[in-house]
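Reader: Hi! I'd like to talk through a structure with you. Could you put it up?

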Amino acid sequence: MLQAEIKSLLREDISILIKVPNSGKHYLCDCGEASLLTVKEIQSVSAIFISHTHIDHFSNFDGIFRHQIGSGEKIVICGPKNIHHQIEARLKSYTWNLVGENAIEYEIREIVSKEEINVYKIRPPHWNLEWVKTQHFLFEDEYVNVDFAILDHKTDSIAYLFKEKDSVTFNENTSEFKKGKWISELKTAFENNNSDKEIEIEQTVYKAADLFHLLERNAGYKLGVIMDHAVCENNYEKIKTVFKEADMVYIETFYKDEDQEFAKQNYHSFATASGKIMNECEVKEAIPIHFSRRYTESDKLEIETAFYKTFREN
Ligand SMILES: [Zn+2]
Ligand SMILES: [Zn+2]
């Protein structure tokens with residue numbers, strides 16, 4: 001099951017690392033200061049997901065690529081409109097005369113709309129953007145599919161949902177057959193919807209469809225990260241569409257209820273509002289994140305208390 005770790009301390013900006021179990025593969029959500037993020041973790045990041053480029057979410061991007069260049073890897077960066085130009089500007093602001101063109105490759109995916117994702121490539125030492133293609137989905141690899149919502153924070157703020165792929169398991173207790181390589185053949189037939197495939201078990205041939213009852217489909221874990229967003233119905237409709245019944249969601253809760261006037265001015269959320277939308281989404285677990293830097297540990301506790309009270313209401 002996917003695991004998220006908050007890598008920033010209280011009063012630091014926000015950065016969340018998502019780990020894929022047993023793979024050594026990580027995804028990074030936003031590049032705020034992150035004292036708890038190690039060099040080894042940064043070097044295992046295969047994709048970076050930027051919600052928006054306010055400085056508290058993007059200032060440590062330099063600190064991230066500092067440890068990636070030289071790896072020779074291809075790393076994906078997803079982000080809102082114009083992200084490709086902002087990344088280009090950051091990379092071009094250094095001198096790269098000692099770095100070869102194979103030191104790294106970034107593939108940037110600019111989210112223009114729900115259906116339009118522009119893909120660009122950028123490489124050292126000149127870091128000139130190359131347009132590759134336009135595609136209709138954001139991100140998929142062997143472990144996850146990533147869905148998203150484009151929220152309003154007076155600028156686009158992308159909320160991401162990481163969906164682990166469904167898995168198929170063999171239900172030993174319902175089977176009278178001896179285990180063998182036929183189990184993996186059966187799983188493959190099941191995944192490919194190939195009901196007529198012939199499966200041989202102990203010298204007898206069966207039709208795959210007649211054995212499918214020995215398999216079980218387990219829904220993949222769904223983990224969401226919702227960063228800065230205004231409290232408004234339009235955002236909530238989008239959040240409900242994408243995050244409904246997710247297993248775990250981290251959600252921006254910048255202000256205490258008593259400071260909700262600031263939330264309104266700054267297109268942010270506050271404790272009860274974030275708790276309420278998570279309740280309406282019927283997510284299994286939710287965690288408030290990204291508090292105003294003015295707040296102390298006791299303000300944080302106040303936010304959490306108000307958040308969970310609303311989140312857990314029937
Ligand atoms: Zn912001
Ligand atoms: Zn922020």
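Reader: Which hand does the β-α-β unit of S16, helix H6 and S17 have?
Author: In this predicted model, strand S16, helix H6 (residues 233–243) and strand S17 form a right-handed β-α-β unit.

Reader: Nice. In which sense do S16 and S17 pair?
Author: They pair in the parallel sense, over 4 bridges.

Reader: How many residues of S16 are buried?
Author: 5 of the 5, so S16 is largely enclosed by the rest of the structure. Both of its faces are covered: Lys222, Gly224 and Ile226 are buried on one side, and Leu223 and Val225 on the other.

Reader: Got it. What order do the strands of the sheet come in?
Author: The order is S9-S10-S11-S16-S17-S18, an open sheet of 6 strands with mixed pairing. Its edge strands are S9 (139–140) and S18 (285–289), each of which pairs on one side only.

Reader: Which strands does helix H8 touch?
Author: Helix H8 (residues 271–280) packs on the sheet and touches S17 (248–252) and S18. The direction of H8 makes about 155 degrees with that of S17.

Reader: Changing topic: is Ala34 buried or exposed?
Author: Ala34 is buried, because 25 other C-beta atoms lie within 10 Å and the cut-off for buried is 20 or more. Ala34 lies in the loop between strand S3 (25–29) and helix H1 (39–43).

Reader: Which residues is Ala34 in contact with, leaving aside neighbours within four places in sequence?
Author: Those are Lys7, Ser8, Glu12, Ser15 and Asn60.

Reader: Let's zoom out. How many helices and strands does the protein have?
Author: There are 9 helices and 18 strands. The C-alpha trace spans about 70 × 60 × 35 Å along its principal axes, and buried residues account for 34% of the 314 residues.

Reader: What domains does the assignment give?
Author: The domain assignment lists domain 1 (1–156) and domain 2 (167–218). Taken over C-alpha atoms, the centres of domain 1 and domain 2 are 40 Å apart.

Technical notes
Residues are numbered from 1 along each chain as its sequence is written. Chains are lettered from A and ligands numbered from 1 in the order in which they are written. This is a predicted model: local features need pLDDT of at least 70, side-chain atom pairs count only at pLDDT 80 or more; totals for chains, interfaces and linings use all residues. Two strands pair if DSSP finds at least two bridges between them. Helices (H or I, at least four residues) and strands (E, at least two) are DSSP runs, numbered from the N terminus. Two residues are in contact if their C-beta atoms, placed from the backbone, lie within 7 Å. Axes are lines fitted to C-alpha atoms, for helices over the stretch in contact, and angles run from 0 to 180 degrees between N-to-C directions. Domain bounds come from an automatic or database domain assignment. A residue is buried if 20 or more other C-beta atoms lie within 10 Å of its own, exposed if 12 or fewer, and partly exposed in between; C-beta atoms are placed from the backbone. A crossover is right-handed if, with the strands pointing away from the viewer, the path from the first strand over the helix to the second runs clockwise.
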